[in-house]
Structure formats: C-alpha cells, structure tokens
Amino acid sequence: MASLLSPPLNLPLNKANDGNLRALSTKTLSSRDVIFRKNSGRNVQFPTIKVKASLEADVLDKSSAEAVNDDFGVVGLHHVGILCENLERSLHFYQNVLGLPINEARPHDKLPYRGAWLWVGPGMIHLMELPNPDPLTGRPEHGGRDRHACLAIRDVSKLKDILDKAGIPYTLSRSGRPAIFTRDPDTNALEFTQVD
C-alpha cells in the first residue's frame, strides 16, 4: 500500500546536445516502488518496468513488458466507460458521426441507469447516462493534454472531412504523427490515431 501512496515518478527527458530529438532516458522503479500482492497465500512481486520517454511518444520497453507476471492474464482492453448527460445526443455522435455500431447483445435493462454499448473493433465503448463529476468547462483545448480514449483508425484525413462536415472542432497531433483529437458532446476527449 505504501508504494501506491509514493509520489509519482519523474522521468525527465534528456536533451541530446547533437540535436537528436529521439534521445531517450530510462528509469527503473526502485525497490520501494515495487508492488506486492497476496496470491494464494504467497507474495507475488510485480517486476519493475523500464519506461522510456521521447519527444515523439512514450514507449514501453518491450523486454520488460514480457516479464510481467501473468497470474491474472491481461489479454486486452474490453471496454471504456464514458459518462454522458443525454444518451440520445451521445448516440447521435458515436453512431451517426463516428459510425460505431451498437452491441445489442450487451445488457441495457440490468443496470440502474440508461446506457449503450458500442463496438470499437473487438472492444467497446460503454456510454452511461450518469451525472458527470468532472468540470465541463476549463478543459484543455487539445484533448491530448486531458484524459482521453484513443481509437485506432485507418485514415485520419477521412475522419477530418467527417468532422469538418459535422462542424465538430478538433486539433491535430502536436507531434506531427497522423492523429486527431476531438471531444464528444459531453467534452470527453477522444484521440483517433492512424495505424497501418
């Protein structure tokens, strides 16, 4: 528990004197930052993960990711929960603007609030009509500087055209990579990054 209350790691970027913008720095968590978990009467130590920071993107050192204890077997991201004030308004955005289909197999009547499940590839977005505890104003203009969900897409330029036609504001990635940031009707930030 003490490690969960430790101050966050500071991972400063090293600026290379030769102007190399991809200079990387690596920091390994200290022994006090390692988390232990009780599992079947024995302590399981989560290994340290090396984090590399660059001016282009944050990169997880794959060799350290492979060493992660697989006791509970993370296999992917199932869904992201997004709060909305008005389900119909949000469905219009997610279905009609973004083209996400509803997953009719998910329960709508078993929860104490209205909601909908939308397919995003093999994962889903769960829209939940609930009060939002977050402020709706004063959010950063660029969604990349706010908490956000990132969806992988094939063509950023096509999405840009769709958002332009719908009159929905957006910002492009500040790093120059093919990515676009926008907000849904409830100011939830969304990133769309182009993948091969």
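Three strands form an open sheet in the order β6-β8-β7, with mixed pairing; two strands count as paired if DSSP finds at least two bridges between them. At the edges lie β6 (79-84) and β7 (115-120), each pairing on one side only. From one strand to the next, the twist averages 20°. This is a predicted model, in which local features need pLDDT of at least 70, side-chain atom pairs count only at pLDDT 80 or more, and totals for chains, interfaces and linings use all residues. Residues are numbered from 1 along each chain as its sequence is written, and side-chain values use heavy atoms, leaving out hydrogens and water.

**Around the sheet**

- β6 and β8 run parallel and are joined by six bridges.
- Gly81 stands opposite His126 in β8.
- Helix α2 (residues 87-97) packs on the sheet and touches β6, β7 and β8; a contact here means heavy atoms within 4.5 Å.
- The direction of α2 makes about 155° with that of β8; axes are lines fitted to C-alpha atoms, for helices over the stretch in contact, and angles run from 0 to 180 degrees between N-to-C directions.

**The nonpolar core**

- The largest nonpolar core has 23 residues, and Phe93, Tyr94, Leu98, Leu127, Leu159, Leu190 and Phe192 touch the most other members.
- Such a core is a set of buried Ala, Val, Leu, Ile, Met, Phe, Trp, Tyr and Cys residues joined through side-chain atoms within 4.5 Å.
- At least two residues of this core come from each of β6, α2, β7, β8, β9, α3 (156-166) and β12 (189-194).
- Helix α2 gives the largest share, five residues.
- Leu127 touches, among others, Ile82, Leu87, Leu91, Tyr94 and Leu118, not counting residues up to four places away in sequence.

**Leu136 in its loop**

- Where is Leu136 placed? The residue sits in the loop between β8 (123-129) and β9 (148-153).
- Leu136 is partly exposed, with a relative accessible area of 45%; buried means under 20%, exposed over 50%, and partly exposed in between (1.4 Å probe, protein chains only).
- Leu136 touches Asp186 and Thr187, not counting residues up to four places away in sequence.
- Leu136 and Thr187 are 51 residues apart in sequence, yet their C-alpha atoms are 6.3 Å apart in space.

**The whole chain**

- The protein chain has three helices and 12 strands; helices (H or I, at least four residues) and strands (E, at least two) are DSSP runs, numbered from the N terminus.
- Of its 196 residues, 30% count as buried.
- Among contacts between residues at least 6 apart in sequence, 53% join residues at least 24 apart.
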